[in-house]
Amino acid sequence: MTSGLNDSLEPVGEPGKIWAYSNAFSQLHYVLEKLTGKTIQDYATEVLFGPTGIRDSSYYVRPDFLNEPAAAGYGLKMSPRDMARFGLLMLNNGDWGAVPVVGDKAFLTESINSSQKLNLSYGYLWWLNGKGQHMLPGLQFKFNQDLIPTAPADLFAALGKN
């Protein structure tokens with residue numbers, strides 16, 4: 001979230017100097033599709049959804065980006081049951097029962113820790129509690145309190161932008 005780009009991949013600040021929530025990271029979907037030769041849906045089904053029993057989830061192109069093919073426009077719809085399964089996968093350090101689904105445990109650890117110093121309450125696509133301050137999408141203001149003051153300090157959440 002320090003790329004300096006907004007959702008339309010337009011500059012909004014100097015890279016590394018501004019924290020601005022954006023979905024520019026979803027450009028990685030295109031890279032993944034190119035590398036694997038599969039759609040993001042097919043790849044996710046093979047390596048994540050299938051092994052964890054996630055059945056009611058799908059990627060889609062966000063309607064507000066249909067006319068901007070270069071922009072970051074993927075979304076992911078998940079049923080509550082599938083979201084719970086994803087949460088259990090994270091709580092079990094990337095393993096589904098005895099089956100390792102995410103082999104890179106260091107990546108999982110890093111993803112639920114602060115990814116930069118501008119907004120300590122944001123990791124790599126995860127919101128983090130217990131950091132003493134946080135910023136919110138669309139604002140360039142720091143709130144000097146935990147993200148969710150009444151929640152455990154070690155809470156991490158996939159809250160998305162809105």
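Where does Asp-7 lie relative to helix 1 (27–36)? Asp-7 sits in the segment before that helix; helices here are DSSP runs of H or I with at least four residues, strands are runs of E with at least two, and both are numbered from the N terminus. At 11% relative accessibility, Asp-7 counts as buried, where buried means under 20% relative accessible area, exposed means over 50%, and partly exposed is in between (1.4 Å probe, protein chains only). Asp-7 and Tyr-21 are 14 residues apart in sequence, with their C-alpha atoms 8.4 Å apart in space.

A word on the model itself. This is a predicted model, in which local features need pLDDT of at least 70, side-chain atom pairs count only at pLDDT 80 or more, and totals for chains, interfaces and linings use all residues. Residues are numbered from 1 along each chain as its sequence is written, and side-chain values use heavy atoms, with hydrogens and water left out. As for confidence, pLDDT is the predictor's own score for each residue, from 0 to 100. The protein has a mean pLDDT of 89, with 93% of its residues reaching 70 or more. Among its elements, strand 3 has the highest mean pLDDT (97) and strand 2 the lowest (83). Where pLDDT is low, the predicted coordinates should not be read in detail.

**Aromatic rings**

Rings of Phe, Tyr and Trp (its six-membered ring) pair if their centres lie within 6.5 Å; planes under 30 degrees apart are stacked, over 60 edge-to-face, and the rest tilted. That rule gives 10 aromatic pairs. One of them is Phe-49 with Tyr-59, a stacked pair with 6.5 Å between centres and 20° between planes. This pair ties together distant parts of the chain, with Phe-49 in helix 2 (residues 40–52) and Tyr-59 in strand 1 (residues 57–61), 10 residues apart. Phe-49 counts as buried because its relative accessibility is 3%, while Tyr-59, at 23%, counts as partly exposed. The rings of Tyr-122 and Trp-127 form an edge-to-face pair, because their planes are at 80°, with the centres 4.8 Å apart. Both Tyr-122 and Trp-127 are buried. Ring pairs also link Trp-19, Tyr-21, Tyr-122 and Trp-127 into a cluster.

There's a charge-over-ring case too: Lys-77 lies over the face of Tyr-60, 6.0 Å from the ring centre. The criterion is NZ of Lys or CZ of Arg within 6 Å of the ring centre and within 35 degrees of the ring normal.

**Helix 3**

**Loops and the chain end**

| Residue | Phi | Relative accessible area |
|---|---|---|
| Asn-93 | near 55° | 36% |
| Leu-125 | near 70° | 45% |

Asn-93 is in the loop between helix 3 and strand 3, and Leu-125 is in the loop between helix 4 and strand 5 (127–128).

Gln-140 belongs to the loop between strand 5 and strand 6 and is exposed, with a relative accessible area of 53%. Leaving out residues up to four places away in sequence, Gln-140 touches Ile-18, Trp-19, Ala-20 and Met-135. Its C-alpha atom is separated by 32 Å from that of Ser-58, 82 residues away along the chain.

Gly-160 comes in the segment after strand 6 and is partly exposed at 34%. With residues up to four places away again not counted, Gly-160 touches Tyr-21 and Trp-127. Gly-160 and Trp-127 are 33 residues apart in sequence, yet 8.4 Å apart in space, C-alpha to C-alpha.

How values were computed: Contact = heavy atoms within 4.5 Å.
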